[in-house]
Amino acid sequence: MNLWYQFLWVIFPYLALVTFVLGHVYRYAYDQYGWTPKSSQILERRLLMWGVLLFHWGFLFVFGGHVMGLLVPIGVYRSLGVSDYNYHILSLWVGAAVGAVALIGILLLNLRRWFIPRIRRNTDWMRFATDALLLLVIVLGMAATVGYRIYVNQYDLPAEFEYRENIAPWFRSLFYFSPNPELMLEVPLIFQLHTLSAFVLFALWPFSSLVHVFSVPLGYLRRSHVQYRSSNPRASLDRERTQKANKRPPAVEQSRRGE
Ligand code: HEM
């Protein structure tokens with residue numbers, strides 16, 4: 001194994017993961033007020049709504065698929081009686097569908113940022129970089145899932161590339177602190193590019209607005225409602241009464257006055 005491979009599949013991933021962890025600690029310690037997705041809803045709503053909805057829902061399921069494929073060892077599926085063929089059919093169709101939803105979402109968000117001048121002017125370079133990188137990672141992921149299968153069919157190569165026997169154990173080996181870069185030697189280029197681009201994303205993550213992932217307001221689901229009260233209740237009551245009176249149909253007004 002040459003030094004280049006050691007760098008790509010051991011040193012670089014660890015550098016990215018350490019930057020990811022320490023970067024978040026640093027950001028939390030020194031920039032809690034900047035810990036936000038920095039919404040641009042005030043500048044444009046419609047594309048944002050569709051982009052955010054599609055990207056977040058798509059990504060949630062893509063994330064679930066990665067947990068199933070990368071963190072759960074292949075032996076678990078085999079012992080449960082899930083054949084490799086069935087696993088791949090499921091991962092192809094479901095993976096492609098949810099990946100396409102995430103892809104359309106992130107594409108809309110990127111287009112909105114590049115082509116609406118007032119959003120472009122209010123976007124910093126880190127936001128451009130991470131949004132574009134998300135797009136790239138997802139395009140490469142789709143190329144690995146769908147494109148590689150088309151390529152395999154065209155050239156009559158063995159039907160499936162079993163990433164649960166190389167990428168997945170390599171990925172887990174990083175977390176056991178016993179990295180096994182040899183596993184990545186035979187992995188097709190498109191899967192390698194997808195994985196490396198994801199690690200670049202992880203390294204930039206803590207310095208971008210992506211930190212908001214770790215502050216999803218789940219507490220909102222359980223807490224009681226917050227009531228907003230006026231600092232001048234009499235004035236608000238008067239205002240409310242005036243508004244109501246203005247909306248009341250004329251016939252009612254007349255009968256109240258006894259006319
Ligand atoms: C080190 C991290 C990652 C590894 C090792 C990895 C690995 C993989 C593999 C092996 C596939 C092919 C799955 C198949 O053919 O069934 C895939 C697909 C995909 N990946 Fe990743 N991935 C990583 C991170 C990410 C991230 C951060 C994103 C999103 C931003 C992402 C988005 C996708 C998408 C959209 C697909 C295609 C749809 C799917 O199969 O879910 N991946 N990835």
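How do the residues of the shell around the ligand divide into nonpolar, polar and charged? The shell holds 15 nonpolar, 10 polar and no charged residues. Here Ala, Val, Leu, Ile, Met, Phe, Trp, Tyr, Cys and Pro count as nonpolar, Asp, Glu, Lys and Arg as charged, and the others, Gly among them, as polar.

This is a predicted model, in which local features need pLDDT of at least 70 and side-chain atom pairs count only at pLDDT 80 or more, while totals for chains, interfaces and linings use all residues. Residues are numbered from 1 along each chain as its sequence is written.

Of the 25 residues around the ligand, S91, G95, G99, G141 and A198 come nearest; a residue is near a molecule if its C-beta atom, placed from the backbone, lies within 6 Å of it. The helices below (DSSP runs of H or I, at least four residues, numbered from the N terminus) each supply at least two residues of the shell.

| Helix | Residues |
|---|---|
| α2 | 46–71 |
| α4 | 84–115 |
| α6 | 125–154 |
| α7 | 167–175 |
| α8 | 189–204 |

The largest share, seven residues, comes from α6.

Helix α4 has 32 residues and reaches 44 Å from its first C-alpha to its last, close to the expected 46 Å (1.5 Å times one less than its number of residues). Against α2, helix α4 packs at an angle of about 145°, with the axes 7 Å apart; axes are lines fitted to C-alpha atoms over the stretch in contact, and angles run from 0 to 180 degrees between N-to-C directions. By class, this contact has 18 nonpolar, eight polar and one charged residues.
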